[in-house]
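The following note sets out numbered remarks on the structure shown below.

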Amino acid sequence: MLNLLVDQKNAQQLAQQLAQLATQALIEEVRLTPKPGLVDQRNSGAHSDLTLELMEHSAHSLTDTFYAIAKASYDYPADASLRAEIGHLGRIGETAMLEATGGINTHRGAIWALGLIVSAAAMHKGQSKSLYQLTHTAAALARIDDPRQKQQFSKGKHASMRYRIPGAREQAQQGFPHVVQLGLPQLRQSRRNGASETHARVDALLAVMATLTDTCVLSRGGLAALDTIHHGAREVLAAGGMACARGQQRFTQLDRDAMQLFVSPGGAADLLSATLLLDWLAPEPTTNPN
Ligand SMILES: CC(C)(COP(=O)(O)OP(=O)(O)OC[C@H]1O[C@@H](n2cnc3c(N)ncnc32)[C@H](O)[C@@H]1O)[C@@H](O)C(=O)NCCC(=O)NCCS
Ligand SMILES: Nc1ncnc2c1ncn2[C@@H]1O[C@H](COP(=O)(O)OP(=O)(O)OP(=O)(O)O)[C@@H](O)[C@H]1O
């Protein structure tokens, strides 16, 4: 699949492939189990209105949006006109998601993060395998003002202003530092250490959670809850991660804390999807045995 992507010259085929990969990243994120406070295969975490089935249905409803974003971005520069178009398509995607879920927000933050990465990959015609090039291009697009963006209330914006912390917008504008510097390196390090793919992915989620100013957690639980989540995630990793018994014991505590505080690290989950997508688009260079 990856070789095909690199050789791809046709806008339509590339768009199809990117849309499938983005959808797959969402599906694999939600199926990953266990995740603290989040929807997974065990339960709905700290969500009374979300289920695994609804999240998967939502993910599939977004394939057309990712396709349209890739098609519009193919071989284009990150300029004001593309920003306006991608903003427009992103909002159509949000509407499609709400129609598919009966008005429930399942993937708003994910449309933003994955939409920008899909756009960047298509701008480079699927030919860039460089993590930095892809995230720099996505960031350049995110930094351009969207002329058609309405000034409306959002819980994320409110939390960002109230606590004076960066949220989803800034994470993208800075080139996804929690993915590039934390999630992806942890995913690959855990694999190298011999962890199973599931454990490596949970470790990657925890590496993001350990410092992310997640407006989902802040909106519901405030700074004290965010501190508990940060501390808990760090402790699991410090105990050796999910591949070892002590890490798993500490994880159980974090899982209980998230449920008791009734918080869900949705922003970290979105960035795990972004980590998976970038892992596929910009695979780790294999060392030459010679
Ligand atoms: C920037 C977005 C995410 C709005 O974010 P805002 O902070 O206003 O808050 P909102 O509460 O609606 O959504 C935030 C969501 O982001 C995720 N999130 C929360 N904290 C973080 C964080 N620190 N880092 C990354 N993601 C986070 C969570 O899933 C959360 O639910 C986005 O929906 C938007 O502006 N869309 C407009 C359409 C657009 O321009 N699309 C272009 C690309 S597709
Ligand atoms: N597995 C997951 N479980 C829960 N949320 C997830 C998961 N994966 C991604 N998310 C992200 O978490 C966000 C959920 O949003 P949030 O928790 O703010 O829900 P809400 O309905 O807007 O708020 P609230 O439930 O507090 O009223 C979505 O935008 C989505 O992108």
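1. Helix α11 covers residues 197–209, and its end C-alpha atoms are 18 Å apart; because 13 residues at 1.5 Å a residue should span 18 Å, the two figures agree. The model is a predicted one, and the values in this note are to be read accordingly. Of the 13 residues of α11, 10 are buried, so the helix is largely enclosed by the rest of the structure. The buried set is made up of Ala200, Arg201, Val202, Asp203, Ala204, Leu205, Leu206, Ala207, Val208 and Met209. It therefore includes the charged residues Arg201 and Asp203. The packing partners of the buried residues of α11 are α10, α12 and α14.

2. Helix α7, residues 131–143, also has 13 residues. From its first C-alpha to its last it reaches 18 Å, close to the 18 Å expected at 1.5 Å a residue. Its buried residues are Leu134, Thr135, Thr137, Ala138, Leu141 and Ala142. Viewed down the axis of α7, these residues fall within an arc of 160 degrees, so they line one face of the helix. An α-helix has 3.6 residues a turn, so residues three or four places apart point the same way. The buried residues of α7 pack against α5, α6, α9, α10 and α14.

3. Thr137, a residue of helix α7, deserves a separate remark. Is Thr137 buried or exposed? Thr137 counts as buried because it has 24 C-beta neighbours inside 10 Å, where the cut-off for burial is 20 or more. Apart from neighbours within four places in sequence, Thr137 is in contact with Ala78, Ala120, Met123 and His124. Leu98, by contrast, is 39 residues from Thr137 in sequence and 28 Å from it in space, C-alpha to C-alpha.

4. The largest nonpolar core has 85 residues, and the members that touch the most other members are Leu18, Leu114 and Ile117. Helix α6 supplies the largest share of this core, 12 residues. In soluble globular proteins, nonpolar side chains tend to be buried together. With neighbours within four places in sequence left aside, Ile117 is in contact with Leu134, Ala138, Ala274, Leu277 and Leu278. Two of these contacts, Leu134 and Ala138, are among the buried residues of α7.

5. Which residues come nearest to ligand 1? Among the 28 residues around this ligand, they are Gly90, Gly109, Gly115, Gly156 and Gly267. Two or more residues of the shell come from each of α5, α6, α8, α9, α12 and α14. The most is given by α6, with 6 residues. By class, the shell divides into 8 nonpolar, 12 polar and 8 charged residues.

6. Ligand 2 is surrounded by 21 residues, of which Leu38, Val39, Gly109, Gly266 and Ala269 are the closest. The elements contributing two or more residues to this shell are α2, α6, α12 and α14. Its residues comprise 8 nonpolar, 8 polar and 5 charged. Gly109 is named among the nearest residues for ligand 1 and among the closest for ligand 2.

7. The peptide bond from Thr33 to Pro34 is cis, with omega near 5 degrees; Pro34 is found in the loop between α2 and α3. Lys125, in the loop between α6 and α7, has a phi near 55 degrees, a positive value in a residue other than glycine. Lys125 counts as partly exposed because 17 C-beta neighbours lie inside 10 Å. Phe262, in the loop between α13 and α14, likewise has a positive phi, near 55 degrees, and is not a glycine. Phe262 is partly exposed, with 14 other C-beta atoms within 10 Å.

8. Gln248 is partly exposed, since 17 other C-beta atoms lie within 10 Å. The C-alpha atoms of Gln248 and Leu237 are separated by 9.6 Å, the two residues being 11 residues apart along the chain.

How values were computed: Residues numbered from 1 in each chain as written. Chains lettered and ligands numbered in written order. Predicted model: local features only at pLDDT ≥ 70, side-chain atom pairs only at ≥ 80, totals over all residues. Near = placed C-beta within 6 Å. Helix = DSSP H or I, 4+ residues; strand = E, 2+ residues; numbered from the N terminus. Expected span 1.5 Å × (residues − 1). Buried ≥ 20, exposed ≤ 12 C-beta atoms within 10 Å, placed from the backbone. Arc of directions from axis to C-beta. Contact = placed C-beta atoms within 7 Å. Core = buried A, V, L, I, M, F, W, Y, C linked by C-beta atoms within 7 Å.
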